[in-house]
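Morning, everyone. I have one structure to go through today, and I will keep it short. Please look at the screen.

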Amino acid sequence: MISENIKKIKQTLAPFNAALIAVSKTQPVEIILEAYQGGQRIFGENYVQELIEKQKHLPADIQWHFIGHLQSNKVKYVAPFISLFHSVDSFKLLKEINKEALNNNRVINCLLQIYIAEEETKFGFSYDEVIEILNSKQLSELHNICIIGLMGMASNTKNELQISSEFKSLKQFFDGLSTLKLKSSEQQLKNFKPQELSIGMSGDYKIALQEGSTMVRMGSMIFGERNYNQNL
Ligand SMILES: *Cc1c(COP(=O)(O)O)cnc(C)c1O
């Protein structure tokens with residue numbers, strides 16, 4: 001079942017050259033292994049405690065992406081092995097990731113989460129805040145992170161026009177980044193290489209692909225509906 005779902009989704013993604021992040025939050029180790037045996041190598045998790053519990057029982061060549069809101073004081077638990085943080089939503093968090101990356105003698109890739117939805121509950125930067133960060137001297141001093149793109153979540157609505165316009169605006173901003181003129185010309189940002197746009201979940205990934213997604217984060221489409229009550 002799971003491997004067939006993955007196969008089908010990957011066929012849909014192939015023409016768009018987009019990567020599949022299998023969102024395995026709430027899924028037990030055995031289920032993740034089933035997806036792994038079906039060829040999936042990139043998994044996304046939202047909760048630090050849950051992730052570190054599961055990670056130690058799973059194959060070492062899995063690439064773990066952190067996709068949820070993260071408290072700075074928890075970065076240290078996942079910094080040794082995380083391959084991409086999708087949901088960096090404050091400069092404080094970015095600095096903390098840099099610090100822990102340095103402690104682990106590595107450079108950690110990050111995406112900046114942008115707030116594009118109408119709802120007030122979603123985390124993320126505004127476009128202006130991102131520009132401000134990119135222009136800040138402080139950013140150029142973070143040598144152990146690399147910002148490789150942006151992540152966004154559309155409004156939770158059935159209105160597909162609204163979803164596609166939210167994604168479209170993010171894509172436009174994303175495209176502008178590669179030609180962005182930063183304030184200080186000597187400021188060559190070595191840690192800013194925008195190439196990934198993480199948009200699309202099970203409910204809206206087809207729209208996200210149309211709008212230029214390079215990474216879709218899908219859980220229920222692969223694993224079925226989540227059971228939040230299960231004891232992890
Ligand atoms: C849970 C989650 C997903 C996956 O949601 P599905 O609707 O199950 O595909 C994607 N992105 C984030 C940030 C999530 O928290």
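This is a predicted model: local features need pLDDT of at least 70, side-chain atom pairs count only at pLDDT 80 or more; totals for chains, interfaces and linings use all residues.

Let's start with the ligand. There are 13 residues around it, and the ones that come nearest are K25, N46, S202, S220 and R226. Which atoms of S220 are involved? A backbone N or O atom of S220 sits 2.8 Å from an oxygen atom of the ligand. G219 also uses its backbone: a polar backbone atom there is 2.9 Å from a ligand oxygen atom. With R217 it is the side chain, where a polar atom lies 2.9 Å from a nitrogen atom of the ligand.

Next, T214. You will find T214 in the loop between helix 9, residues 205-210, and strand 8, residues 215-218. Its side chain makes a polar contact of 2.6 Å with the side chain of E196. If we leave aside neighbours within four places in sequence, T214 touches N17, A18 and A19, and also Q195, E196 and L197.

Last, the helix pair. Helix 6 covers residues 127-135 and helix 8 covers 160-177; they pack at about 15°, with axes 12 Å apart. Angles under 35 degrees count as roughly parallel, so helix 6 is roughly parallel to helix 8. The crossing of helix 6 past helix 8 is right-handed. On the helix 6 side the contact residues are Y127, V130, I131 and L134, and they meet S169, L170, F173 and L177 of helix 8. By class, that contact has seven nonpolar residues, one polar and no charged ones.

That's it from me.

Terms used: Residues are numbered from 1 along each chain as its sequence is written. Side-chain values use heavy atoms; hydrogens and water are left out. Axes are lines fitted to C-alpha atoms, for helices over the stretch in contact, and angles run from 0 to 180 degrees between N-to-C directions. Helices (H or I, at least four residues) and strands (E, at least two) are DSSP runs, numbered from the N terminus. Angles under 35 degrees count as roughly parallel, over 145 as roughly antiparallel, 65 to 115 as roughly perpendicular and the rest as oblique. A crossing is left-handed if the near helix is turned anticlockwise from the far one by less than a right angle, and right-handed if clockwise. Contact means heavy atoms within 4.5 Å. Ala, Val, Leu, Ile, Met, Phe, Trp, Tyr, Cys and Pro count as nonpolar, Asp, Glu, Lys and Arg as charged, and the others, Gly among them, as polar. A residue is near a molecule or strand if one of its heavy atoms lies within 4 Å of it. A polar contact is a pair of N or O atoms within 3.5 Å; within protein, one must be able to donate a hydrogen and the other to accept it, and residues adjacent in sequence count only if both atoms are side-chain atoms.
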